[in-house]
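Welcome! Take a moment to look over the sequence and the 3D view before reading on.

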Amino acid sequence: MAEPDYLEGDCDELIKPKKLINPVKNSRNHQDLHRELLMNQKRGLAPQNKPELQKVLEKRKREQVLKAQKEEQEAHKKRSDLEIELMKRQQKLEQLELEQQKIEEEQENTPEFVKMKSNLRRTKQETEGEERTT
């Protein structure tokens, strides 16, 4: 940063600017408060006094979160008859799907000659059934 020309001392005629005194910073209360804040910051302590607006907003937010949690819990507790029946049907469908998957896996794991034998039995039964109807 460039220094101003009047600091060289060549011109005695010019009025040199003086640093203005800030009355707030010179006050003893301000200095004590500033010193205390610096000490708390070094220790890692934040000032405990929050503005009233911030306290109110935090309280409202906390209350909203608690209210939402309560509503969710009540919704889970109070299920209508229709919801209960739908849940039962869904569980039954899932069980049936699992059973079908097990059957398919068993069929895939069975040897080829067993599959052919069951196919022959079916065709034999079908032919006997057709002969009886005619």
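Here is a short tour, from the overall fold to a few charged residues.

This is a predicted model, in which local features need pLDDT of at least 70 and side-chain atom pairs count only at pLDDT 80 or more, while totals for chains, interfaces and linings use all residues. Residues are numbered from 1 along each chain as its sequence is written, and side-chain values use heavy atoms, with hydrogens and water left out.

**Overall fold**
- The protein has five helices and zero strands, where helices are DSSP runs of H or I with at least four residues and strands are E runs of at least two.
- Along the sequence, the pattern reads α-α-α-α-α.

**Surface**
- Of the 134 residues, 1% count as buried (under 20% relative accessible area; exposed is over 50%, partly exposed in between, with a 1.4 Å probe and protein chains only).

**Helix α5**
- Helix α5 covers residues 112–133 and reaches 32 Å from its first C-alpha to its last, close to the 32 Å expected at 1.5 Å a residue (1.5 Å times one less than the number of residues).
- Among the 22 residues of α5, the count of buried ones is zero.

**A salt bridge**
- A search of the whole structure finds one salt bridge (a side-chain nitrogen of Lys or Arg within 4 Å of a carboxyl oxygen of Asp or Glu).
- The side chains of R35 and D32 form it, at 3.0 Å from N to O.
- R35 and D32 are three residues apart in helix α2 (residues 28–43), so about one helical turn separates them.
- R35 is partly exposed at 44% relative accessible area, and D32 is partly exposed at 30%.
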